[in-house]
Amino acid sequence: MCGLFKTPAYAYITARVRARKRKLIPKETYPKLLNMQLPEIIRFIEESEYKKDVDELSAKFKSIDLLEHALGRSLGASYRKLMDISRGEVNYLITEYMRRWDVWNIKTVIRGKYYGASEEEILNCVVSAGELHYPELELMAKKESIGDVIASLEHTPYYPVLTKYEGGMLNKIEDELDRLSYTRLLDAVGGSPGEKFFLKFIQTEIDIKNLKMLFRLKKAGVEREYVQNILITGGLELKESDLTRLSGLSFSELVHSLDGYSYWRSISDVVSDQMTTLMDVDTKLDAHLMNYASQISHYYPLSILPVLDYILSKKIEVDNLRVIARGKELKLADEIIRSHLVM
Amino acid sequence: MAIKDTIKPTRSELIGLKKKIKLSESGHKLLKMKRDGLIIELFDILNKAKNVRSEVEKDYEIAQQNLNIAKAIEGVVAVKSTAFALKDAPVITLESKNVMGVVVPRIKSTSVKKNIIERGYGIIGTSSRIDEAADAYENLVEKIIIAAEIETTMKKLLDDIEKTKRRVNALEFKVIPELSEAMDFIMLRLEEMEREETFRLKKIKS
């Protein structure tokens, strides 16, 4: 597909992305924010780049909810801006990468319809950061039933997957949608040097998703067949044969069979067969992915990599601010908040 | 009004009173046994209640902590969206059992504790933080149902012990003494009437 775009206009988009990245909050600010009281943090966010979003949403939300929605709105706007200012191959890659937000929004609308949530409740949970614009999401939320929502997506790539829904629980259709976004992304990446690293990043992300799922499903004692069917193929280190082997192991066997993979170094200090929580594993694996992304981000300045770096940096900023503000509001210990910050 | 003013000093009344005293005494004995039995049951349930209350408090803390972490890390929006994926509420059935004449509830629940693949949300797009928050809340709901059964049983037993104690005391200090007093009064009156009759007969003869 990317063969269609022979002259990628990376110079323009990377220059814009660098300018935008300079506006992000520096890493050194997070420890300072962590030492602030909640009103000071709120004031800091309200006076930062998020001012416009905070002001626009202030009539609808209050306090930390206002901040969280403003952060989500800003994230969506930044990603949409990237799609608007990019052309050709880079636009195609960004759009494919952002499909995860479309999937998120479709899942949210369908879940809302399944539960019987109001239109407002559903729209409060969507983040318009993908190809589907907010007015389209509004129209989807207005539909009467799940069937109507699916019918409204007839001309999108998600429709063939959604037509498989036969009623009842949504987990299978949700997993199919997530898998679709990864499959499309893997197919979209071309063979230029920058894209090779982008592909490696996506493959690493798939490996990390698979590892997290293996830990969760094996801890819950889910059957081999279910585990095998849910895992995503196309990873970097965890090939199909590895996934087949690992999905047949017990939790304890899984823990002892991961030391051959590079991810083991990141998680070895928190993993044991007696572990009661998997949250630390998730955090360590997320940190591993972010470290890899920051490593490759400067390899090819005129490629998709600086764009990916900005996309991830913006997401990290939004997540960090939310973790600090929400963590302070919910009176989480500073150590817990700090352990979930990506700095 | 004194008992002497309301009671008729006749033999049939005396027989009736004797029967009532016998019945009251056996009732008193039975109620005392019931009270003691209920107290033993209460002590059994009291230990369970103490444990279950502390377990509920512990589970609540864990559930709240896990939910707070999920809200902070994943965001309230993500937690809410994921929660929409499950609409089945746990089913609770209420039965009853009899403990020494006291009807106490027996609460049974289904579909509280769910496996990760039964919670309705997809696995790929969610995280262990959501799983652990859901898991901790499922544990909490199960514990609350157990606590509800134990604490309601305890409350009902306490009410019944109080009621039985009042009945025992009423029989012991009010009903039986009054009946005995009435019986003594009738016996006294009957003896007196007998003496009067004997005296009258003697007087007629002389």
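A: Helices (H or I, at least four residues) and strands (E, at least two) are DSSP runs, numbered from the N terminus. This is a predicted model, where local features need pLDDT of at least 70, side-chain atom pairs count only at pLDDT 80 or more, and totals for chains, interfaces and linings use all residues. Residues are numbered from 1 along each chain as its sequence is written, while chains are lettered from A and ligands numbered from 1 in the order written.

Q: Where does A:Ser63 lie?
A: A:Ser63 belongs to helix H5 (residues 63–85) of chain A. Its phi is positive, about 50°, although A:Ser63 is not a glycine.

Q: Is A:Ser63 buried or exposed?
A: Count C-beta atoms, placed from the backbone, within 10 Å of the residue's own: 20 or more others means buried, 12 or fewer exposed, and anything in between partly exposed. A:Ser63 counts as exposed because it has 12 C-beta neighbours inside 10 Å.

Q: What is the phi of A:Lys331?
A: A:Lys331 has a phi near 60°, a positive value in a residue other than glycine. A:Lys331 sits in the loop between helix H18 (304–329) and helix H19 (334–339) of chain A. With 10 other C-beta atoms within 10 Å, A:Lys331 is exposed.

Q: How is chain A divided?
A: Domain bounds come from an automatic or database domain assignment. Here, domain 1 of chain A covers 1–21 + 28–85 + 313–343, and domain 2 covers 193–302. The C-alpha centres of these two domains of chain A are 26 Å apart.

Q: How many residues of domain 1 of chain A are in contact with domain 2 of chain A?
A: Contact means C-beta atoms, placed from the backbone, within 7 Å. By that test, 7 residues of domain 1 of chain A meet 5 residues of domain 2 of chain A. On the domain 1 side, helix H1 (residues 10–22) of chain A gives the most, with 3 residues. For classes, Ala, Val, Leu, Ile, Met, Phe, Trp, Tyr, Cys and Pro are nonpolar, Asp, Glu, Lys and Arg charged, and the others, Gly among them, polar. The domain 1 side has 4 nonpolar, 3 polar and no charged residues.

Q: Which residues have the most contacts inside the largest nonpolar core?
A: A nonpolar core joins buried Ala, Val, Leu, Ile, Met, Phe, Trp, Tyr and Cys residues through C-beta atoms within 7 Å. The largest core has 115 residues, and A:Val109, A:Phe198, A:Leu214, A:Val307 and A:Leu308 have the most contacts inside it. H18(A) supplies the largest share, 12 residues. Domain 1 and domain 2 of chain A each give this core at least three residues. Leaving out residues up to four places away in sequence, A:Val307 touches A:Ile13, A:Thr14, A:Val17, A:Leu82, A:Val90 and A:Ile94. A second, separate core has 5 residues, among them B:Leu38, B:Ile45, B:Ala147 and B:Ile150.

Q: What pattern does chain B follow along the sequence?
A: Chain B reads α-α-α-β-β-α. It has 4 helices and 2 strands.

Q: What radius of gyration does chain B have?
A: The radius is taken over C-alpha atoms, and the globule rule is 2.2 Å times the number of residues to the power 0.38. A compact globule of 206 residues would come near 17 Å, but chain B has 33 Å. Its C-alpha atoms fill a box of roughly 120 × 25 × 25 Å along the principal axes. Of the 206 residues of chain B, 27% count as buried.

Q: What does UniProt list for residues 147–196 of chain B?
A: UniProt positions use the numbering here, feature names are shortened, and annotations may be inferred rather than shown by experiment. The unreviewed UniProt entry lists residues 147–196 of chain B as "coiled-coil region". In the model, that stretch of chain B is 100% helix and 0% strand, with its end C-alpha atoms 71 Å apart.

Q: How many residues of chain B are in contact with chain A?
A: 27 residues of chain B are in contact with 41 residues of chain A. On the chain B side, helix H2 (11–74), helix H3 (76–83) and helix H4 (128–205) are the elements that give two or more residues. H2(B) gives the most, with 5 residues. By class, the chain B side has 12 nonpolar, 9 polar and 6 charged residues.

Q: Where is A:Gly234 found?
A: A:Gly234 is in the loop between helix H13 (224–230) and helix H14 (240–247) of chain A. With 19 C-beta neighbours inside 10 Å, A:Gly234 counts as partly exposed. Beyond neighbours within four places in sequence, A:Gly234 contacts A:Tyr182, A:Leu186, A:Gln203 and A:Ile206.

Methods: Contact = placed C-beta atoms within 7 Å.
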